Amino acid sequence: MTDPIDLFGEWFDEARAAGVEVPEAMTLATADADGRPSARMLLLKSADERGFTFFTGYESRKGRELAENPRAALVFHWRPVGRQVRVEGAVRRLSAEESDAYWATRPARSRAAASRQSEPLESLEALEAEAERLLAEHGGEVPRPERWGGYVLEPEAIELWQHRDDRLHQRVRYTRAREGWQVERLAP
C-alpha cells in the first residue's frame with residue numbers, strides 16, 4: 001500500500017516540474033467553536049510523516065479558530081496537471097524552536113512582524129512605517145513575536161483526485177487506521 005504523504009510528495013514534485021505556479025499554495029479551511037467555517041489561501045512549508053506544516057499569526061482569525069476548534073482541512077489544486085489533493089485532520093502548534101528556525105529563514109522585511117493579521121489597519125503607510133521602525137530597532141534581525149508560529153495538520157484522511165475525460169475522474173481516499181492507511185476508491 002502506498003503512503004499517501006509520499007504520494008502527495010510525488011504529485012507536488014510533478015506539479016512543480018510541470019511549471020505549476022506556486023504549487024505550495026493551498027486553501028486552509030477552519031471553523032470556529034460554533035462550527036462557522038472560513039477559508040483562505042496559505043503556503044505549505046513542508047509535508048512529511050508528521051503532517052502538513054504552515055505558519056501564521058496565532059491571533060489571526062485562523063489562529064483563533066484553530067485554538068477554539070483544532071481541526072482543519074487543506075485543498076491543493078494543480079489545474080495544469082489535472083490534480084487535486086484534500087487533507088483533513090487535527091491541527092497542533094509546532095514548538096517555539098521549530099517556529100524560530102523557520103522565522104530565521106524569512107527575508108528581513110518579512111520578519112518585521114508589524115502586522116497583526118486580521119486586525120483593522122490604520123493605513124498601509126502606518127504598516128510600512130512600523131515595519132521600518134522594527135527593522136531599524138533590531139538591526140534587520142527582528143525576533144519572532146510570540147503571537148506568530150507554525151502549525152502541523154496531522155492527516156486523518158487524504159483524498160487524491162486525478163482528472164480524466166468525460167468526468168470519469170479517479171478519486172482515492174486514504175483514511176488513517178491503527179494498522180496504517182486504509183484505501184478506498186470513490187465515485188467521481
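Helices (H or I, at least four residues) and strands (E, at least two) are DSSP runs, numbered from the N terminus. The structure is a predicted model, in which local features need pLDDT of at least 70 and side-chain atom pairs count only at pLDDT 80 or more, while totals for chains, interfaces and linings use all residues. Residues are numbered from 1 along each chain as its sequence is written, and side-chain values use heavy atoms, with hydrogens and water left out.

**View A. Polar surroundings of glutamine 162.** Glutamine 162 belongs to strand E7 (residues 148–162). Its side chain makes a polar contact of 2.6 Å with the side chain of arginine 83; such a contact is a pair of N or O atoms within 3.5 Å, where within protein one must be able to donate a hydrogen and the other to accept it, and residues adjacent in sequence count only if both atoms are side-chain atoms. A polar atom of the glutamine 162 side chain also lies 3.3 Å from the backbone oxygen of glycine 82.

**View B. The aromatic pair of phenylalanine 12 and tryptophan 78.** Rings of Phe, Tyr and Trp (its six-membered ring) pair if their centres lie within 6.5 Å; planes under 30 degrees apart count as stacked, over 60 as edge-to-face and the rest as tilted. The count by this rule is 13 aromatic pairs. One of them, phenylalanine 12 with tryptophan 78, is edge-to-face, at 6.2 Å centre to centre and 75° between the planes. Phenylalanine 12 lies in helix H1 (residues 4–17) and tryptophan 78 in strand E5 (residues 71–78), so the pair ties together parts 66 residues apart in sequence.

**View C. Arginine 83 and tryptophan 11.** The charged end of arginine 83 sits over the ring of tryptophan 11, 4.2 Å from its centre; this requires NZ of Lys or CZ of Arg within 6 Å of the ring centre and within 35 degrees of the ring normal.
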